[in-house]
Amino acid sequence: MRRTRHAPIAAATWALLAAAFVAAPGCAQQTTPTSLRALERSGRVSFVCLAAPGTTPSPALPLSNCTSQRFEDPNDFAVKDGKTTQPHLYALVTQTTRGEVAVIDMSTQNDPVMDANPRVPGASFLPVGAQPSDIVSTPGGTATFVGVAEIGREGLFALPSVDVRTCVGCEPKTLSGWPACALPGAPGEMLIVADPEDDNGGVRATCDGAYEPVAEPEPDADGNYPIDLAQEGVGRQKIVVTIPDLGAIAVVDAQRLLDAEPGSFDACPIDRWVPLEVDLPASAPPPPPAGGPGCVAPAPADIGPVVGFSPRPAGIAHAADKLYVADLEAPVVHVLDMATPCEPAEREPLLPSSLLDPSRVVTTNQLTASPLLSKGLGRFLYVVDDRDGSLMVFDISEGSTSRRPITRPHPEWTPAQAPDRVEFGVPVQDLVMIERDVPQTNPATGVAAEGERCSPDPDLVVCEPDSMSCDSPTLYRTSSTFDRGAGPTRMRGAFAYVVLGTGQIALIDVDDYDALCRAPKSYTHLYGCPPIGFSSPFDGSEDEPLASTGEASCNVVVPHTPRSANYMKTSERTGQNEPGLPSFPLFFDQDGSLQSNLDPNGVVMRATLPVSSNPDEPFPASQFALAVGSNVLPVDPKTGLTTNAGEVEHTVAMNLEDPRAHSFGQNWSVSYEGALPGFTGKAGRLSLTGAARGLFDAASRFCDAGVLGQKAWEEMGESGAGGLADYVQIASDVPAEDDAYWTSADVGGQCTYQQCRIEFGTSEVPKPTRDIPIVEAYQDHLELGSASVDDALIECCFPTLVAFNVRAGNQWVVVGDGSGFLHHVIATPEESASSPEMVGACRNSCDPRLERRNGRVRRTPHETFVKDGDPRAFINPFFRFAINDALNEEPRRGMLFQFATQGSFKPLVVNLAASTTEIQPQAISFLPSTGELAITDGSLEGLIMLSAGSLNITRQYY
């Protein structure tokens, strides 16, 4: 691939040689060669397909006539009998800082970037005016239109395709050489929408005009044919352009603009002017969630004002006779009926919002609509949140009544993700949604049917090369070697390709034709089956497993979520991708000594047991397994333990309903009466003898840290609630022996240094007398109960602000080094308080989306097998287990389990910035005739072409 054309390279080379010659005397420093680039600050791109120059009546062809074939010579069109057999594909790319449009011959291997004026050193392109905002071409390639936002000359420029190629011997085009017109404000994004022909094939020149027959073009006296868009056969074409500053949309007749005298700059021929409206309904906060005993509903959100917004249109999309318009200032996505551009009518808008922050005014910038999906899956609109760059998904199918973003069916499985967003951690710059297929030929019928869905049904007849009769859905199954068939990079169906600000392309599943084959060998609720958004007509069994990939979840492929980069499976062929453990959990006694083997009479960590959907049939062992290292080991569905090399091991069960919960691997500690994180370095005022009894420190934010006192446990209906309450452990040392405090009047003989040391020990070796139970926890203070020693002695021995820990009473505490201590404790809002003194008290939230944010494990009697759903069964977003007490022995503070998790879900992304940091992706579009995605770069990378199937960079133009 040639990155630039010869003329600029030659001129720049002579300049470099001359500079080197002048600097040579006395200069030993070597120069570093730099890449010469023609394209600079690319903005948007459009494509046209053209036959050989001079083709009459027009060289313009539909894009489908041009393929990815490339030729040696840019003038090779293979003209035969006056007809072009090898048309060329051209990309027209706006250069935002230069006010030009670059033309790239994508059908040639040599000198693809065309120089509009070879007589001038350096690359020069087609001038169109400063700040080009968007570019669109007609479906038949007859002309291209550019919107420019140059101050004082806001308008549209028309570039007839007959004039965009370099013409040998012709005068180069100047700014006044194009038809152009003035708009009342700076243009934003544009679309070409056709006003259709009437029943007799006539078109109307204006929206208010009469339909007239389309005449065949006739040449003038010089043999030149007029530029006639009507010959494309799609009706009268209109340019739909947003005017952001005026909050409106203009519909401009494309042919009348083309007919304008070059160099003139009259007002644009606007057929329709549509001032956008902001029609917001009166909103009410969502109803509080209904929860279990002892929980409180979060404070109702302040929805905010519903008036006072002015529209500012941004991205636009046309689908199913409707125009969708994002808005940068108002919390709406405008919806206009646009069966024809001459009868636009604004309807009720879509309503962007945020479930996590209902009071936020959500505005939007870009959007794209899906094709009409098969199998009744409807149509969807993807919209970019302008504040954080996340994606919202709206159902715009016929008959849809919801105007809010779609929410995931099971947000509790992935509580770290917003329930109504697709998030990548970086802003989305632009996106496009496409549907593609790679149909396979049925050997029995010779037919390659499009849209065929892979089926894992074991009763189907598998297609072999010599089959006389077989079922086509089996053609798409994954091979035993995982080198073909359904898989992460097998792109069959509808997908969203998302450009991220980091220079990456991420993929989102919309409708994967192979989804049903990306599943376990048998369906069970442990794997999150049936798959979200799909029917599950097959019942894999022990005797007849499904012909699927055997992955760890039914939800490897989920509509409107990031696509997986790997098979979620652990095997020699696929690698270690199934969520699991690198090694078995290790148990340490309170003195830190490792207990190398599981002691059946000691403390045991075991997986909670699955509950069979059929009470009369036990859960099959083959469906209950744990990936450890490179092996997948069965877990006994009766004991919750697994065996490795003859040794019984401590065991956990991984949550596999949605692998996206496992976004990263991390180390975990499970400690008995462990300290809750977040209080290191904090100090509080301890008051045990005054009117206000407690520990006071507003900076500690006790509810946010997950603290629960005795009253909270009582309200949850727990027996022995006092034993489950968290407690404060004083972490400070008593004042030093030589401290003046011991001889001051403040002591008054109430205590001595030796007495305090004996009673409380040191901070390194603390005694239980430092522990004080928590009766009630609030965000800024703790109400404390009675300690095991006299309150006055405690205050005397610890006279100043004290460092402290908060520990869980009679429970195990689970902490991850990445996710921390998970909980769903909130400060009780006034609206949820049953009494005035309860306002601000720490309670679990009733929000069901947070039900897996847990970090406390209840004790379980020795050899008690705990089933899923039992109050003693621990579950968080990643795994579930129970811990048995030792035989006839109480657990001791400091006992510890340690393990790590592995096999995280990795989204499928393509890195465009692998070899450079100088990349600022601007826009993405799809070129159906070549199956490529086109990404423009606002820095130095020009135009990048990416295969929508293989996801490889196919070519790049600098």
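Reader: Leaving aside its neighbours within four places in sequence, which residues is Leu782 in contact with?
Author: This is a predicted model, where local features need pLDDT of at least 70, side-chain atom pairs count only at pLDDT 80 or more, and totals for chains, interfaces and linings use all residues. Residues are numbered from 1 along each chain as its sequence is written, and side-chain values use heavy atoms, with hydrogens and water left out. Contact means heavy atoms within 4.5 Å. On that basis, Leu782 touches Arg693, Gly694, Leu695, Phe702, Val707, Val728, Ile774, Glu776, Ala777 and Val806.

Reader: Which residues have the most contacts inside the largest nonpolar core?
Author: A nonpolar core is a set of buried Ala, Val, Leu, Ile, Met, Phe, Trp, Tyr and Cys residues joined through side-chain atoms within 4.5 Å. Buried means under 20% relative accessible area, exposed over 50%, partly exposed in between (1.4 Å probe, protein chains only). The largest such core has 46 residues, and those with the most contacts in it are Leu686, Val707, Leu782, Leu784 and Ile794.

Reader: Which element gives the largest share of this core?
Author: Helices (H or I, at least four residues) and strands (E, at least two) are DSSP runs, numbered from the N terminus. Elements giving two or more residues include helix 5 (753-760), strand 46 (781-784) and helix 6 (791-797). The largest share is four residues, from helix 6.

Reader: How many residues are in the second, separate core?
Author: Met605, Trp668, Tyr672 and Phe897 are among its members. This core has a total of 41 residues.

Reader: How many residues apart are Phe482 and Tyr567, which form an aromatic pair?
Author: Rings of Phe, Tyr and Trp (its six-membered ring) pair if their centres lie within 6.5 Å; planes under 30 degrees apart count as stacked, over 60 as edge-to-face and the rest as tilted. Phe482 and Tyr567 are edge-to-face, with 5.0 Å between centres and 70 degrees between planes. Phe482 is buried at 19% and Tyr567 at 10%. The pair links loops in distant parts of the chain, 85 residues apart.

Reader: Which strands hold the aromatic pair of Trp812 and Phe897?
Author: The pair is tilted, 5.6 Å centre to centre and 50 degrees between planes. Trp812 is buried at 0% relative accessibility, and Phe897 is buried with a relative accessible area of 0%.
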